[in-house]
Amino acid sequence: MPSLAEIAAVQAAKVAAYSIGGALVGGAAAAEAAEEALKIRAAVTMETYDAATTHLAVQQNFDSPPSIAEPTNA
């Protein structure tokens, strides 16, 4: 999972790239690629966590709540 410092660094790199014309020279593309890499790392981490904990899930069955009003015949 990306750390907050990594996320902040990539965001700062994007701001810097776009403010100095990075869209024209490729700096913005590199910053966007770094941001996508962080998103992929986060997604892989969450999928791994989900796969590792799925077998621990316990299905809960609850009884229906009691009726608090008599049904009306209309």
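A salt bridge is a side-chain nitrogen of Lys or Arg within 4 Å of a carboxyl oxygen of Asp or Glu. In this predicted model, Lys14, Glu32 and Glu35 are linked in a network of such salt bridges, and a search of the whole structure finds four salt bridges. Side chains of opposite charge can pair when their charged atoms come close. The table sets out three of these pairs.

| Salt bridge | Closest N and O atoms |
|---|---|
| Lys14 and Glu35 | 2.8 Å |
| Arg41 and Glu6 | 3.1 Å |
| Glu36 and Lys39 | 3.4 Å |

**Pairs between and within helices**

Lys14 forms a salt bridge with Glu35, and because Lys14 lies in helix α1 while Glu35 lies in helix α3, the pair ties together parts that are 21 residues apart in sequence. Both Lys14 and Glu35 are buried.

Arg41 forms a salt bridge with Glu6, and this pair links distant parts of the chain, with Arg41 in helix α3 and Glu6 in helix α1, 35 residues apart. Arg41 has a relative accessible area of 36% and is partly exposed, and Glu6, with 31%, is partly exposed too. Leaving aside residues up to four places away in sequence, Glu6 touches Met1, Leu38 and Arg41.

The pair of Glu36 and Lys39 lies within helix α3, where these residues are separated by about one helical turn because they are three residues apart. Glu36 is partly exposed at 39% relative accessible area, and Lys39 counts as partly exposed at 46%.

**Helix α1 and its two sides**

Helix α1 covers residues 4-19, and its 16 residues reach 22 Å from the first C-alpha to the last, close to the 22 Å expected at 1.5 Å a residue. Its buried residues are Val10, Lys14 and Ala17. Seen down the axis of α1, these buried residues fall within an arc of 70 degrees, so they line one face of the helix. What covers them includes α2 (22-25) and α3, whereas the face turned away from the buried side carries the exposed residues Leu4, Ala5, Val15 and Ser19. Just after α1, Gly21 takes a positive phi of about 80 degrees.

**A nonpolar patch on the surface**

Met1, Met46 and Tyr49 make a nonpolar surface patch of about 360 Å². Of these residues, Tyr49 lies in helix α3, which runs over residues 27-53. Is Tyr49 buried or exposed? Tyr49 counts as exposed because its relative accessibility is 52%, and exposed means over 50%.

Definitions and conventions: Residues numbered from 1 in each chain as written. Heavy atoms only, no water. Patch = residues over 30% accessible without salt bridge, like charges linked within 9 Å, V, L, I, M, F, W, Y side chains within 5 Å. Areas by Shrake-Rupley, 256 points an atom, 1.4 Å probe, with all protein chains shown as cover. Helix = DSSP H or I, 4+ residues; strand = E, 2+ residues; numbered from the N terminus. Buried < 20%, exposed > 50% of the residue type's maximum accessible area, 1.4 Å probe, protein only. Expected span 1.5 Å × (residues − 1). Arc of directions from axis to C-beta. Contact = heavy atoms within 4.5 Å.
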